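Reader: I have a structure to go through before class. Can we take it step by step?
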Amino acid sequence: MATFKDFRNKVKPNWCPGCGDFSVQAAIQRAAANVGLEPHELAVITGIGCSGRVSGYVNAYGFHGVHGRVLPLAQGVKMANRDLTVVASGGDGDGFAIGMGHTIHSIRRNINMTYIVMDNQIYGLTKGQTSPRSEMGFKTKSTPGGSIESSLNVMEAALTAGATFVAQSFSSDLKELTSLIEEGINHNGFSLINVFSPCVTFNKVNTYDWFKENLTKLDTIENYDSSNRILAMQTLMENEGLVTGLIYQDKEKLSYQDLISGYKETPLSDDNLELDREKFEQLASEFM
């Protein structure tokens, strides 16, 4: 059985010292081992941004896509090879700006995969501009007078779109984050996990200390029920989205694959795609 170390490779991450993404990478590797995967059974698909580099740091199948398009790629991988465990990952700019349309439709489609967003409320790779998760008044190089746009409430949006698994964590809480990724992998459907992952270089507001002072753990809220969608929405609104833990899970809704008529039990990647001459000519004749 594979261990955490089996999901390591020899590529050294080039994130800034102290970046929260180090912990997210470690949590993915630990979760993969804990659920019993082998490296060849995992595919990590990532988008652009600092967080997008994680696919190159995990010993598994990996693909580093273009900005905002991680989810179409990841869904394609899962549909072509249903035997792979697919984990998609990217930043809040990648997933909630240019890629927001894909995020919403991935949620409603409910393909069996996990999407981890490293949320640092800023564009780090391009040296510090506002993201859709930046709060009003947030000062950056692109908003020296302070942002005049509202921050996107992504967890509330996910619930509204019909998500079947919504969770949130903090990169410094490796135990909770690892557990949530395990639950997301085991969930039959689309799992969205947003991770507060501080950018120590460009975001001097939403720091580790700031999150420690402002986050509320859902397991400390009396009678919280993660199967109650209305309660989940109410709790998010009351806490301005600053909660960690399993926010909501619907274990009854079928995944996209479960609902496809004739979806083969064997992966498309195992099919013989060669055409004999007679079949080729038959197909070609339809266009003549």
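Reader: Is Glu176 buried or exposed?

Author: Glu176 counts as buried, at 14% relative accessibility. Buried means under 20% relative accessible area, exposed means over 50%, and partly exposed is in between (1.4 Å probe, protein chains only).

Reader: What kind of model is this?

Author: This is a predicted model: local features need pLDDT of at least 70, side-chain atom pairs count only at pLDDT 80 or more, and totals for chains, interfaces and linings use all residues. Residues are numbered from 1 along each chain as its sequence is written, and side-chain values use heavy atoms, with hydrogens and water left out.

Reader: OK. How many salt bridges are there?

Author: Five. A salt bridge is a side-chain nitrogen of Lys or Arg within 4 Å of a carboxyl oxygen of Asp or Glu.

Reader: Which side chain does Glu176 meet in a salt bridge?

Author: Lys217, at 3.4 Å, N to O. That pair links distant parts of the chain: Lys217 is in strand S9 and Glu176 is in helix H6, 41 residues apart. Helices (H or I, at least four residues) and strands (E, at least two) are DSSP runs, numbered from the N terminus.

Reader: And how exposed is Lys217?

Author: Lys217 is partly exposed, with a relative accessible area of 32%. The side chain of Lys217 also meets Asp173 in a salt bridge (2.6 Å, N to O). Asp173, Glu176 and Lys217 are linked in a network of salt bridges.

Reader: What about Asp119 and Arg133, what joins them?

Author: A salt bridge joins their side chains, 2.6 Å from N to O. Asp119 lies in strand S4 (residues 113–119) and Arg133 in the loop between strand S6 (129–130) and helix H5 (154–160), so the pair ties together parts 14 residues apart in sequence. Both Asp119 and Arg133 are buried.

Reader: New topic. How much space lies in the second largest pocket?

Author: About 290 Å³. On a 1 Å grid over the protein atoms alone, a pocket is an open set of points where a 1.4 Å probe fits, with protein on both sides within 12 Å along at least five of seven lines; lining residues have an atom within 4 Å of a point.

Conventions
Grid points are joined across faces, edges and corners, and a volume is the space filled by probe spheres set on the points.
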